[in-house]
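The sequence and structure come first.

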Amino acid sequence: MNFLDLIWLIPLFPALGFLINGLIGKRMPKNAVAFIAAGAVLISFILSAGAVLQLLQLEPAQRAHTVKLYEWINAGPAHTTEGPLARFTVDWAFLLDPLSSIMILVVTGIGFLIHVYSIGYMHDEAGFYRFFAYLNLFMFSMLTLVLGNNYLMMFIGWEGVGLCSYLLIGYYFHKRSAGDAAKKAFVVNRVGDWGLSIGVMLIFLTFGSLDFKVVGEKVREGVISGAFHVSDPIFIGIAIALFIGATGKSAQIPLYVWLPDAMEGPTPVSALIHAATMVTAGVYMVARSNFIYQMAPQAMVVVAVIGALTAFFAASIGLVQNDIKRVLAYSTVSQLGYMFLALGVGAFAAGIFHLMTHAFFKALLFLGSGSVIHAMHHEQDMRKMGALKKKIPVTFWTMLVGTLAIAGTPGLAGFFSKDEILWKAFSSNQGHVLLWLLGACVAGMTAFYMFRLLFMTFYGESRVDHHTEHHIHESPKSMTAPLVILAIGSVVAGYIGFPAWLGGSNAFEHFLEPVFEPLPIPLGPEAEYSHTAEAGMAVASVAIALLGFGLAYFKYCRRSWEEQREIRQYGPFYPWLLNKWKIDELYDLLFVNRAKGAGVGMWKFDAKVVDGLVNGSAGGTVMSAVGSSWWDRWIVDGLVRFIGGFIKTVSWPLRLIQTGYVQNYALVMILGVLVFIGYVLWGTP
Amino acid sequence: MVTTFHYLLLSAALFTIGVIGVLTRRNIMIILMSIELMMNAVNINLIAFSDRLQQVTGQVFAIFVITVAAAEAAVGLGIVIAMFKNKETMNINEIDLMKW
């Protein structure tokens, strides 16, 4: 079977699952709903795995397979900066290359595990079918996003995942906070999508095409022929516009504020959408547009700096949060910052590598936290947990693996990808030692807040209230099985990118090389570093992580959480950290209240000026109508009545022939006809 | 030998019967039937001349008339039924709504 030509089926099955569950799921048993939803994703996963395996058998240079289903848009000639030659044509076509293969494997693989987990987690929810319908719609959108071969299809998927994110964050719509969080996510994402759409339009305007391959080729040809130069304003413009889109979807400064609130959604949603897949769409998009970013080093600097700052900033907030899911949410923002740091220093492969390993361990951590929440009867506050290790052992051990992986323990997935990023941040000629320093600090903070989470939840004395204490139970198999699989993935996933300094071949980077082929532009001399330097860096970052672990151990494992101690140790920073640096309040002040003020102003304008005009003209009309009615009643009606009465009086003899009998009228008619006939026969000479 | 004259005679006779029926009868159903009679008299007239002049136009008109007659019967019977429901009578002398 030729899986390569079947890649268009990969998004189709979740779409079918969505249609079935969305339309008739309400009337189906829960088992059937779950079976359809998870089965659809499983089929997609099998198709993806088959296609990727067949792609691997091709020569590296040939590893790009396009399946065009049909021509989607064919508009007339459009004016571009190249002249009025380009036709606006967009195909509904799917592209499988190394980058999209990794994405579809992550999306369908982890997506399937999370579907299975959701069967157990969501079992008692009333909107079971609705949840799975949304989840399948999300899978369809996400797969369209990563498989589409042009920017417009990516945009469709991009908006689709945004919609699903909104729907799923607001899944518990009867809770006001959930509805608000959903709205916030949607509105903040719109700001980003504005940037993305500007970027896509600029791309068409410049290159006359939206096809990834065509645009890439045109950039390359333009560089060779001298039509395009590095740092051309148009490239910087496109790169920045696309990055604005990425900051929205992938929760970077300044648009990251929606992601922590998105934790209002059910936990499997947080794992799938707000950790493993959707939020990485921005990373994917920037990596996909690497040919544009390579032409805009200034924009790359912006990406790297924003990424590093986001990583640091979010990690600092994560240090003191007490809601188990919020810690993970800030951790996600922070890790996404790492990915953008990698992209920004030109290490596209390292960014995608971290995307993949992060998908494993962050999905694992979220699902683990879901399992904790499930056991605790929807208690998310870590201050009310503790000593859960013995009660929910599977959850504990798998979460321990996830924590070790994200903290960068040598040998686990997070270590390889994080170290690759840190090393590139330092050694790449777009890198800088300050970027490395920020990244290394974040590594320490990551280890600290993750172990803090682990210690507060599973160790120490139990702070669970008495009522809940009795009901703590390990989650069902359908929830623990995905945890175990993801834990295994978190251990082994790093080895496909085994770095050269440890004697590996970094197969992952070589696999992605065809996609991230450097443009023929001078980059300046690449500094040469020995493997020893790289190893030294790795040791340094591990040491920093160990420091974070040690601090967490002494603060939260040996002793339990105390607010007074936190306040004393963090000093004046504590309220700022706890309140997320008051960014939400700042945005409220700057934008939300301004928008509300504008709304109130318009309402007042409407109430006073517009309504005043309407009411005034209505009053005038009433006044004049009173006058007219008098005129109408006495003058006009009077005249009519007078004429009517006059005619009635004059015409009374004529009324007598109006008998009302049809036959009388007919008789008169026939007599008339007879008279005419008589006239015709005899009257004329 | 039946000539056009005979047809016209038959047509005139039928038509006259119809006219007299419409004018003298008091039952609406009979009046409707008389109208049908008049229409068919006209049809015979048309066919007769179509045959005499060797032109198909008359026959086409006859078809038209039959079609119109069918429609008229449907509408007429509908009116009769509605009238009967309201007035409980078929007598045309009791129906003089058009009187002043």
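A387(A) lies in the loop between α15 and α16 of chain A, where helices are DSSP runs of H or I with at least four residues, numbered from the N terminus. Although A387(A) is not a glycine, its phi is positive, about 60°. A387(A) is partly exposed, as 16 other C-beta atoms lie within 10 Å; a residue is buried with 20 or more such atoms within 10 Å of its own, exposed with 12 or fewer, and partly exposed in between, with C-beta atoms placed from the backbone.

H377(A) is found in the loop between α15 (348-375) and α16 (393-407) of chain A. Its phi is near 55°, again a positive value in a residue other than glycine. H377(A) is exposed, with 11 other C-beta atoms within 10 Å.

## Model and numbering

This is a predicted model, in which local features need pLDDT of at least 70 and side-chain atom pairs count only at pLDDT 80 or more, while totals for chains, interfaces and linings use all residues. Residues are numbered from 1 along each chain as its sequence is written, and chains are lettered from A and ligands numbered from 1 in the order in which they are written.

## A cis peptide bond

The bond joining I253(A) to P254(A) is a cis peptide bond, with omega near 5°. P254(A) sits in the loop between α8 (233-249) and α9 (258-261) of chain A.

## Contact between chains A and B

Chain A gives 10 residues to the contact and chain B gives 10 residues, two residues being in contact if their C-beta atoms, placed from the backbone, lie within 7 Å. On the side of chain A that touches chain B, the largest share, 5 residues, comes from helix α27 (residues 662-683).

Terms used
Helices (H or I, at least four residues) and strands (E, at least two) are DSSP runs, numbered from the N terminus.
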